[in-house]
Amino acid sequence: MMHEQSAPVPQKPEVGSRESEDSSRKTASRVQSLAPSTQSPEPSHPVIELNGIDKIYRMGETTVNALVNVSLTINQGDFLAIMGSSGSGKSTLLNLLGCLDRPTKGDYKLEGQDVSNMNDDELSNARLRYIGFIFQSFNLLPHLSVLRNIELPLYYQGCSSEESKQRAKELAARVGLESRTKHRPTELSGGQCQRVAIARALANDPALILADEPTGNLDSKTGLEIMQLLETLNKQGKTIVMVTHETHIADYADRQIHMRDGQILPEVNQP
Ligand code: ADP
Ligand code: MG
């Protein structure tokens, strides 16, 4: 079952709320002047609740325990970095969070809904409704224009073409690409391609943005620009989970978890 809006219901703005003005002033200098889509002054709720998750890959005689008893809660508005060496289970965890795969054991609730036992169709509906993906290699369709690439998730949700075109234009402007909407990805820089991917990830106003090494294919200056954009989206209320192995990239997140041998190491509170 599909609904038009996947994100939490926008909250009533608190007119003249001094408290929120004061707390936002501290971060105002780091936030670009992008109009927020949804703001939620209400206490944040869990977007993700993982409880006792195992993921076992079976290949013939051998089994790999890719995730072992993983429990994790991610609240609305969190910006979480998943770190760990190669083979520690980061991608497996991200794939589960993104409803691309099912756990072998354990519970996964996404926006309060049990997704651990969903069938393939239900999983793909959940992806479309709740999740925006950003990949290291952008994963844009090369023969489609910037606007068409951004429109894709809206198309799959059955939005009318006029409506989705308008929304895609707004999103292109939101990531600073209003003058590039007719270009194809091959005519853009890596940083611009990642901006298109971010706009596409935002199209359905998902509750959760998942990013797998989003700066991995970018030079360091461009990578930082992309991180600033993600930081801005987070400040505007988007929940972001990002895999990275670079500490200066992970530092943009306000929570970091470290994985080893399929387990999450005890979390260290950040300032
Ligand atoms: P990371 O992303 O941290 O490098 P992965 O989640 O990709 O780690 O992998 C965790 C473990 O699971 C590794 O030992 C890997 O070889 C194994 N693995 C990952 N995907 C599969 C798969 N589709 N089939 C079998 N083993 C897999
Ligand atoms: Mg990986």
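**Figure 1. Where helix α6 meets helix α7.** In α6, G190, G191, Q194, R195 and I198 meet T222, E225, I226 and L229 of α7; two residues are in contact if their C-beta atoms, placed from the backbone, lie within 7 Å. The residues of this contact divide into 3 nonpolar, 4 polar and 2 charged. Here Ala, Val, Leu, Ile, Met, Phe, Trp, Tyr, Cys and Pro count as nonpolar, Asp, Glu, Lys and Arg as charged, and the others, Gly among them, as polar. Please keep in mind that this is a predicted model, in which local features need pLDDT of at least 70 and side-chain atom pairs count only at pLDDT 80 or more, while totals for chains, interfaces and linings use all residues. Residues are numbered from 1 along each chain as its sequence is written, and chains are lettered from A and ligands numbered from 1 in the order in which they are written.

**Figure 2. How α6 and α7 pack.** Helix α6 (residues 190-202) and helix α7 (residues 220-235) pack at an angle of about 20 degrees, their axes 9 Å apart. Axes are lines fitted to C-alpha atoms, for helices over the stretch in contact, and angles run from 0 to 180 degrees between N-to-C directions. The two helices are therefore roughly parallel to each other (angles under 35 degrees).

**Figure 3. The shell around ligand 1.** Around ligand 1 you can find Y57, M59, V64, A66, G84, S86, G87, S88, G89, K90, S91 and T92, each with its C-beta atom, placed from the backbone, within 6 Å of the ligand. This shell divides into 4 nonpolar, 7 polar and 1 charged. β1 (46-59), β2 (62-75) and α2 (90-97) each supply at least two of its residues, and α2 gives the most, with 3. Helices (H or I, at least four residues) and strands (E, at least two) are DSSP runs, numbered from the N terminus.

Definitions and conventions: Parallel < 35°, antiparallel > 145°, perpendicular 65-115°, else oblique.
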